[in-house]
Amino acid sequence: MSSADTRQRLEAAVLQTLRDDGIAGLSARTVARRADVNQALIFYHYDTVPKLVEAAARGSVAGAIDRYRADLTAVTTFTELLAVGRRINDLERAAGNVAVMTQLVAGAPRDPTIGACARTCLDQWNRALEPTVERVLYSSPLRGLVDHHGVVRAISSAFIGLELYQSVDPAGAADAMTSLEQLGAVLEAIDTLGPVAHRAIRSRLRRRSRRRAGQADATDSGAAGVSSSPA
């Protein structure tokens, strides 16, 4: 067996272990048995099990992004974005890849390599989503009022959260996804109202943003005054 074949088998095995047994069931022995290789090969090729996880997860995410890149590029509205997001989530859940991501997040506090891997995988997805979200926001009344970087991370957080929710309350998770789609439909309906309505919406949102910023400044000033008061 070539080195490339060994690495491929080990990376497939470690991902399947995360899907089936979770982060708690991850060990060199379990992965090697699933890959049908000597566990010493894990340390020969990757040094540690977490580094094997990192290599496997990063490669898996890169492959998934390549599969969906054309779909993301074709998105022009919020409704389309949520529909594509739901389809990607369904396909990735069926493949077990969403479960892998949630296990990486669960294992992050316990191992710095796993934590760095989880952040890298999320960043890979975020970078793939950012051009799409920025394009959709640019053509909406929210242009310039909402940070697309923050929206992308909110989307990522929502899908990770929905996967965790799914394991406890599948019906509730389905309702949450339906609500997100309804929100997308509302935003798309706003897009059709025309320039006068867009200006009114943008003006109102700006006023709310300024009012909230003023309240935050007042709170900070009050806290500073308290902290600087003599005992």
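**Helix packing and buried contacts in the predicted model**

Apart from neighbours within four places in sequence, Phe159 is in contact (heavy atoms within 4.5 Å) with Gly85, Arg86, Asn89 and Met177. This is a predicted model, in which local features need pLDDT of at least 70 and side-chain atom pairs count only at pLDDT 80 or more, while totals for chains, interfaces and linings use all residues. Residues are numbered from 1 along each chain as its sequence is written, and side-chain values use heavy atoms, with hydrogens and water left out. Phe159 lies in helix H8; helices here are DSSP runs (H or I, at least four residues), numbered from the N terminus. With a relative accessible area of 16%, Phe159 is buried, where buried means under 20% relative accessible area, exposed over 50% and partly exposed in between (1.4 Å probe, protein chains only). The C-alpha atoms of Phe159 and Ala173 are separated by 9.9 Å, and the two residues are 14 apart along the chain.

We can turn next to the nonpolar interior. A nonpolar core is taken as a set of buried Ala, Val, Leu, Ile, Met, Phe, Trp, Tyr and Cys residues joined through side-chain atoms within 4.5 Å. The largest such core has 44 residues, of which Leu10, Val14, Leu26, Val31, Ile42, Val53 and Leu104 touch the most other members. Two or more residues of this core come from each of H1, helix H2 (28-35), H3, H4, H5, H6, H7 and H8. For Val14, the contacts beyond four places in sequence are Leu26, Val31, Leu52, Val53 and Ala56.

Val14 also takes part in the meeting of two helices, where Leu10, Glu11, Val14, Leu15 and Leu18 of H1 face Leu52, Val53, Ala55, Ala56, Ala57 and Ser60 of H4. Sorted by class, this contact holds nine nonpolar, one polar and one charged residues (Ala, Val, Leu, Ile, Met, Phe, Trp, Tyr, Cys and Pro count as nonpolar, Asp, Glu, Lys and Arg as charged, and the others, Gly among them, as polar). The axes of H1 (residues 3-21) and H4 (residues 49-74) come within 9 Å and cross at roughly 90°; axes are lines fitted to C-alpha atoms over the stretch in contact, with angles from 0 to 180 degrees between N-to-C directions. H1 and H4 are therefore roughly perpendicular, a label given to angles of 65 to 115 degrees.

Helix H6 (residues 97-107) has Asn97, Val98, Val100, Met101, Thr102, Leu104 and Gly107 buried. These buried residues pack against H1, H4, helix H5 (78-94), helix H7 (112-138) and helix H8 (148-168).

A search of the whole structure finds one aromatic pair. Tyr68 and Trp125 form this pair, which is stacked, at 6.4 Å centre to centre and 25° between the planes (ring centres within 6.5 Å, using the six-membered ring of Trp, and planes under 30 degrees apart). Since Tyr68 lies in helix H4 and Trp125 in helix H7, the pair ties together parts that are 57 residues apart in sequence. Tyr68 and Trp125 are both buried.

His45 belongs to helix H3 (residues 40-46) and, at 18% relative accessibility, counts as buried. Beyond four places in sequence, His45 is in contact with Ser3, Thr6 and Arg7. Two loop residues complete the picture. Asp36, in the loop between H2 and H3, has a positive phi of about 60° although it is not a glycine, and is exposed with a relative accessible area of 60%. Asp47, in the loop between H3 and H4, is also a residue other than glycine with a positive phi, near 75°.

Key
Parallel < 35°, antiparallel > 145°, perpendicular 65-115°, else oblique. Phe/Tyr/Trp six-rings, centres within 6.5 Å; stacked < 30°, edge-to-face > 60°.
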